[in-house]
Amino acid sequence: MTTRVVDPDLVEPVDPALRPRNLDEYIGQERIKDNLRVYIRAALQRGEALDHVLLSGPPGLGKTSLAYILGEELGVEVRTASGPTIERGGDLAAILNNMEDREILFIDEIHRLNRAVEEVLYPAMEDFEIDVVLGTGPGAQSVKLPLRRFTLVGATTRSGLLTAPLRARFGIQATMDFYSPAELREIITRSAGRLGVEIKPEGALELARRSRGTPRIANRLLKRIRDFAQVESDGTIGLDITRKALTRLQVDEQGLDKMDTRLLRTIAEKFDGGPVGLSNLAAAVGEETDTIEEVYEPYLIRHGFVQRTSRGRIITRRGLAHLGLAFAPPTVTEQEELF
Ligand code: ADP
């Protein structure tokens, strides 16, 4: 996968200074927060573990942050694992067996758990027990090992890939949406404060409008703009230096970067506007199909640059306009003209 400045999936060390620490510091996603507040309070009042939580949405929207915040609000430890790194059922059984009462197990990319591991998870989530096989051969016995009552928080960028039995075991399910420019402006202003850099309201709004609705991208771009402001200006992030830096970073007016534009241009020019199948499109731009589906496409679709149809992806009128290309109505063939 190519890395890019606005790639929300780019692995980077967690910046603890910028991560929201509790629900009040977590900007946006109001409906999700309001409901979670109720569930947290109810669980605390009953002295019980919170029901299992599934968080879905594109990368960089705050799923991991929210999992840690749940731990903070519930006053419990959060242990973390990632779907593809749990290889065997026994690995998960060992993790679960070590969980204390009401603790949170956060599994990132939960749609990438393998079948054997998922089988261990079903009775663990539902009945708080795991099946352990003692011995081998004809004398082998299966015994049930009780677990402490824990909360599983699963995060996924592809909720459609979750198996139905796994999804059904999450009592609380939340789908995160892209952030509005106003919400991102608040996140950016707060982050600038934490980084100790002065930012003008116009600078913050400009960056907010060009961060693809994604807090992780906003924070990453903010750090780069800070560098430009420091070296090429007086250190304050105003409108001019924000625009200049974003141009240098090849992020356009709408927040689309080189790869987004390339995707649009490829559909428009190589495939006559589409429809083009995902694998053909991926091959044409030299990218993985998964990455296109999880990272690039959601924002382009959400903002009406691209449309997903049963026959493939098509570029919209808006997408064409963004490239400066005219909208060409579908051509009528001679055959059709006869009728
Ligand atoms: P995900 O797990 O969905 O990929 P993260 O939780 O890692 O996303 O979020 C990426 C970064 O974006 C966090 O480190 C944090 O700095 C910032 N962030 C995400 N959501 C919010 C939010 N609602 N309010 C403030 N900052 C946020």
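Predicted model: local features only at pLDDT ≥ 70, side-chain atom pairs only at ≥ 80, totals over all residues.
1. T64 places a polar side-chain atom 2.6 Å from an oxygen atom of the ligand. For K63 the atom concerned belongs to the backbone, an N or O that lies 2.8 Å from a ligand oxygen atom. Y179 has a polar side-chain atom 3.1 Å from a nitrogen atom of the ligand. As for cover, the ligand on its own has 560 Å² of accessible area, and the protein covers 92% of that.

2. **A cis peptide bond.** Most peptide bonds are trans, and most residues other than glycine have a negative phi. With that in mind, please look at G274 and P275, which are joined by a cis peptide bond with omega at about 5°. You will find P275 in the loop between α10 (258-270) and α11 (278-285).

3. **Positive phi at R212.** R212 is not a glycine, yet its phi is positive, at about 55°. This arginine sits in the loop that runs between α7 (201-209) and α8. Is R212 buried or exposed? Its relative accessibility is 1%, and the cut-off for buried is under 20%, so R212 counts as buried.

4. **Positive phi at Q250.** Another residue other than glycine with a positive phi is Q250, where the value is near 60°. Its place is the loop between α9 (239-248) and α10. Q250 has a relative accessible area of 46%, so this residue is partly exposed.

5. **The F128 and F150 pair.** How many aromatic pairs does a search of the whole structure find? The count is two. In one of them, the ring centres of F128 and F150 are 5.5 Å apart; the planes meet at 85°, so the pair is edge-to-face. The two residues stand 22 apart in the chain and link distant parts of it: F128 is in the loop between α4 (115-127) and β4 (129-134), and F150 is in the loop between β5 (141-146) and β6 (151-156). F128 has a relative accessibility of 12% and so counts as buried. F150 is buried too, at 1%.

6. **The F178 and Y299 pair.** F178 and Y299 also make an edge-to-face aromatic pair, with 5.3 Å from centre to centre and 85° between the planes. This pair bridges 121 residues, linking distant parts of the chain: F178 lies in the loop between β7 (172-175) and α6 (181-195), while Y299 belongs to helix α12 (residues 289-302). Both F178 and Y299 are buried.

Definitions and conventions. Residues numbered from 1 in each chain as written. Heavy atoms only, no water. Polar contact = N/O pair within 3.5 Å; in protein donor to acceptor, adjacent residues only side chain to side chain. Areas by Shrake-Rupley, 256 points an atom, 1.4 Å probe, with all protein chains shown as cover. Helix = DSSP H or I, 4+ residues; strand = E, 2+ residues; numbered from the N terminus. Buried < 20%, exposed > 50% of the residue type's maximum accessible area, 1.4 Å probe, protein only. Phe/Tyr/Trp six-rings, centres within 6.5 Å; stacked < 30°, edge-to-face > 60°.
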